Amino acid sequence: MILIPNNIQAHFTTLVGSSSDFHIQPTRAWEEQTISFLNTLSARLRRHPEANTLPDLMALAFWLRKANLLSMKTSSYSNRLSIGLGLTFHICPANVPINFAYSLAFALLAGNSCVLRLSSKSNHSTDIALQTLSQLLLESEYQPIAQRVFLIRYEHNDDVTAFWLSQAAGRVIWGGDHTINKMRQFATPPRSREIAFADRYSLCLLDATYISCCSDELINTHCHHFYNDIYQLDQAGCSSPQLCVWLGDDSSVIEAKSRLWQCLADIAADKYAIEDIQVLNKFVDTCNAAIDHENIANIEIASPELTRIEVKSINISQQSFRGTSGLIYETRIKSIAQLAPLINEKVQTLSYLGVEKSTIAEFIYSNGCSGIDRIVPIGNALNMHNLWDGYDIITTLSRIVTID
Amino acid sequence: MSYEVDEVILSDWPPYAWPKQQKQSVLISKLAELDQIHLSQCPPFAKLKQSMPNIDLNGHPFSPFFPLPVRLFKSQELKSVPQESIIKTMMSSGTSGQSVSKIYLDKRTSALQVKILSKLVTHLIGKQRLPMLVIDCPSTVKNRTKFSARTAGILGFSMYGRDITYALNDDMTINFDALNAFIDKYQGQKKFIFGFTYIVWLHFVEALEQLSKKIDLSESILLHGGGWKKIEANKVTKSHFKSRLANVTAIQSVHNYYGMIEQTGSIFMECKQGHFHCSSWSEVIIRDFKTLQPVKDGNLGLIQLISALPHSYPGHSILSEDIGVKLGEDDCQCGWKGTYFDVLGRVKQAEVRGCSDTYSK
């Protein structure tokens, strides 16, 4: 039970759950019942008549499958005697509304009770997910879980936020540097833990020689993967690539570029429903870059879906140049060591094609890189995982009990 | 001061008399001169022109003049004269929230704006100063700490009237005492009325309708502009606006105007046929939303605005975020030469996706 003062209660709307039934006693991490609940949620979402038309909902349903959860369990440190922290409070992102579901799943799997502040923006996928979730929580076998879930919405209100943070044994903040700084101004219990998703920068590394040797069919497959990384979240996801780094000599890079970009532009023209304002925004961003960037070699507006800005060399200032909706920066390096001046703690995901992953790992260790948390084959840049931003989310949201 | 010569020539251009070929050759040579000025005097503009590819695949008479997105006046400091020559910086919140556009004016550009605006207004209302009614409240111009586009507009257009009377009280209700006195005094005479579109609509037309009052402002010519989108949301069309206005005020001659703070002076007047007209100093190009290529007449697209006036900042060719359609050139029933077009609103903002800052907004 948690006592919510009336003046706080008056300022939020409850979407799922009830404050009178809400329970903050922790349970074991990776509890069988939680996994089975999420698996059932997965099945219900997949069965929804509109699921096929909503890629973000399908991705969530796929992710919530028991098989996927168990594979995350094996890679998580909390796969021993771990128990939840108690009450977790989540500030969920507005611009990827469906992410609230991942945040909820992590905290439940860690054995916590969860209060989530959902964005006031919603979309069709979120509505379906919320509806399916609340129906499932009405079923008697899931009552223990229903008591651990409390989803609310409120306009920005420091009193409400301060109340929940004062109670939270763990807090999960999606939403970048500004939101994190804002949340840290509120008092929390001394042992309260935090998972904060800051603003990040991501890039991809492509081996030109490999691409030059690929068959047309293989190029096409790679480009479909590449397309997902770049266009699925309009390139605005923190793990979507902003910069393509070509590894190789002049002639192989020229050949690889022409093959890959042409193929990607064709796929994007076919699959990506770009809006007028996105084309305009991209043009504005390109003009600003033309003025502000010190190092541009060439700009090519290849199609409404794809603009490429080639830069002569890279340094840390490159991170401030970002594109959306298919505005890609690219450059060429002769050896992976030339990446070093770009890497700091802001760098999250490095997706790769045709490069040995051990080469990248070796680069990170030998250069003592403070960034690059994920090294994934192209196509996997947006795949959510318990191991994210350099830490184990479920372990961080649970308490490991040692017994000797 | 060599520029005084061409300035005389520029401000002597006839507003709507030149046929296409003549206008194009004069305007293009003026723009080429402006382009040279800005290339040599405005480093960000030079860098832009040097780095950006030529976007026009098929070429257009105005292709050499890069369509500079208006939003760049927010993110970049674009000026082509030394700081000490700047006499006024105009600011507008413009299209997308937080940051403001900054337009730097020197004496020459500022004077040109006044001259050309005067040419366009007097072409419409005649050279004689008319009794003028401003559909706004006096505090809009008195309170200079809140100098806005509204203030600038009222002050700018007030130069073409006399005995300026404000139709609204400071609480935006109608000042019937002042209004009736004005009507009595100038009954049967030609009068000039100016107001911002949404203010005329909300605080004048709708207010009169709600009070079930009718006033007699026949023999008047109303010039209005700005903020059309605020009332468009309530589904007010042009003809709607005119007929309901006429019903409560008996005003028959109504002219909307279209323009941007980035190109103050060279505004596009609505002709008797209800179309916006380019003058000799201005031109529009309609560009495809997706490919940004100039489209054929009659097709919708983004409006690129050309103006011969900006000498102190590179605003001679700008890409707006407004949707327009070119209806024709030199053949409007109203008799004015030049391109005529319609404006149909603004490009719709996209749904934001991704995972950057969210709580702050």
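**Chain A as a whole, then selected helices and loops**

Chain A has 15 helices and 17 strands; helices (H or I, at least four residues) and strands (E, at least two) are DSSP runs, numbered from the N terminus. This is a predicted model, in which local features need pLDDT of at least 70 and side-chain atom pairs count only at pLDDT 80 or more, while totals for chains, interfaces and linings use all residues. Residues are numbered from 1 along each chain as its sequence is written, chains are lettered from A and ligands numbered from 1 in the order in which they are written, and side-chain values use heavy atoms, with hydrogens and water left out.

Let me turn to overall dimensions. A compact globule of 404 residues would have a radius of gyration near 22 Å, and chain A agrees, with 22 Å; this radius is taken over C-alpha atoms, and the globule rule is 2.2 Å times the number of residues to the power 0.38. Along the principal axes, the C-alpha atoms of chain A fill a box of roughly 65 × 50 × 40 Å. Of its 404 residues, 58% count as buried. Buried means under 20% relative accessible area, exposed over 50%, and partly exposed in between (1.4 Å probe, protein chains only).

Next, consider helix 4 of chain A, residues 66–75. Its buried residues are Asn68(A), Leu69(A) and Met72(A). They cover an arc of only 100° around the axis, which puts them on the same side of helix 4 of chain A; the arc is that of the directions from the helix axis to the C-beta atoms. An α-helix has 3.6 residues a turn, so residues three or four places apart point the same way. The face turned away from the buried side of helix 4 of chain A carries the exposed residues Ala67(A) and Thr74(A). What do the buried residues of helix 4 of chain A pack against? They pack against helix 2 (32–47), helix 3 (55–63) and helix 5 (99–109) of chain A, where contact means heavy atoms within 4.5 Å.

Finally, two residues of chain B deserve attention. Most residues other than glycine have a negative phi. Ala250(B), not a glycine, has a positive phi of about 65°. Ala250(B) lies in the loop between helix 11 (238–249) and strand 8 (253–258) of chain B, and counts as partly exposed because its relative accessibility is 23%. Leu292(B) also has a positive phi, near 65°. Its loop runs between strand 11 (282–287) and strand 12 (300–307) of chain B. At 4% relative accessibility, Leu292(B) counts as buried.
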